[in-house]
Amino acid sequence: MIHALRWPALAIALAIAVASPARAQGALSLRDAVLLARDNSLAAQASREQLQGAIATRQATIAGAFPTLSLSTSPTYSSLPPNVAAVFSGGAFGSLNIPGFPAEGTYTDTTVSGNMVLFDAFATRDAIKLADTQVLMQRLGASLAEQDAETQAAVAYFDVLRAQGLADVARTTLQQMQEHLRIGNLRMQAGAGTKAEVLQLRAQVAQSQGALTSANNAVNLARLNLANVLNAPLGDRPLDAEPPVPQLAVSVETALSRSLPQRPELKQAELKEQLDQAQESLTSRGLWPHLIGHTSYSFRGMAQGIFAAGVTLDWTLFDSFQTREKMLAQQHQAQADALLLQQTRQRLALEVRQQYENREDARSREASAREALASAQEAYRLALDRFRAGVAAPYELTDVQTTLIQSENDYIQSLDDYRVAEIRLARALGVDLASFLGAAR
């Protein structure tokens, strides 16, 4: 007898041991979904490409401070009438006899020249500073795009779990209604029930089947949306039914003081002020003198060449006030960006407060919904016992079951709202979601 009891337990243990690794390996965790979205997001990829472009632009700006070398060559074919050719070649009286100038044939003029800016009124320095600021802004833009992709993936992930939870409720409801119908048939056969009660139960079974079909369709749509956010096929890959989401134990004031400096949006707005200053300084260099050194070596064919070197001074004495007007426009833009910086601070502070209040509200609603669900489950259990005992009518059981279904749906929705609110609060605080979710493991 002892051995008979051990074999089923052993079989169950072996089944769990074999199935658990496969399930753990095949399931897509919340953190993996967030990382996948960050890597595959087209917006994030575009931002990373823009960052590489800004880095290349910076390198090109630095290269402008170094000397340049160029080569120019032009082959020419000349064919002159005999009497004209004699003048140049010395074959007739009064000949010009110009050496190195063939009267006819092919010859090549070649020039090698070099240029270097000796003094550009610090324009290159300002341009490099401007390029550095643009690189920082693009790097923040890439970080912002990645954070947006991570947040969208987390929300879409929970949308799937919510849809699956509602589908499970619909499936359980259908099973319960089928059981009610079975009991109703038995009551009618025993003379304790009526045919009208059975017909009513059959209608409720049909309604439950329709609700389950709609719930399954909602699951499919939610999974399609998640695959679109991940930019990767999801197929039948399951999700983690209980993804760990850590709780942020912070006060509003602490969140504001610590989180705002971490937000890429605020850093971008601050860098925009530096960008305006660098752009205005660069524009002002147009009124300064510029000094350019140049050298060249020119020769024709294989003849001895000519070397030349010099310095060019370029100074715009009057440009019809174009530089002044450009600087004035940039000053107005700088003032506008300063106001936008203040607006960004206010907007982000408001977002932190709102997300904090949303999280607290969602936490309270989740606790209330959990308590209401426990009461509804107990009420349904008691009503089902009364129905089985034949002391309760089907409509009494249906009323209690309707309350149970609503309580289950409310709890699933409140749980999803709470987890999403935690994610959005983390996003508002500038927390990296991948690290945030990894801390919950």
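## Ground rules

The model is predicted, so local features need pLDDT of at least 70 and side-chain atom pairs count only at pLDDT 80 or more, while totals for chains, interfaces and linings use all residues. Residues are numbered from 1 along each chain as its sequence is written, and side-chain values use heavy atoms, with hydrogens and water left out.

## Helix α5

Helices here are DSSP runs (H or I, at least four residues), numbered from the N terminus. After α5 comes G191, with a positive phi near 85°.

## Salt bridges

Counting a side-chain nitrogen of Lys or Arg within 4 Å of a carboxyl oxygen of Asp or Glu as a salt bridge, you get 29 of them. One pairs R38 with D39 at 3.7 Å, N to O.

## Links between helices

R345 and E270 also meet at 3.7 Å, N to O. R345 sits in α9 (residues 322–389) and E270 in α8 (residues 264–284), so the pair ties together parts 75 residues apart in sequence.

D417 bridges to R365, with the closest N and O atoms 3.4 Å apart. Since D417 is in α10 (residues 394–428) and R365 in α9, this pair ties together parts 52 residues apart in sequence. Elsewhere, shared partners join D148, R263, E265, E351 and R427 into one salt-bridge network.

Notes:
Helices (H or I, at least four residues) and strands (E, at least two) are DSSP runs, numbered from the N terminus.
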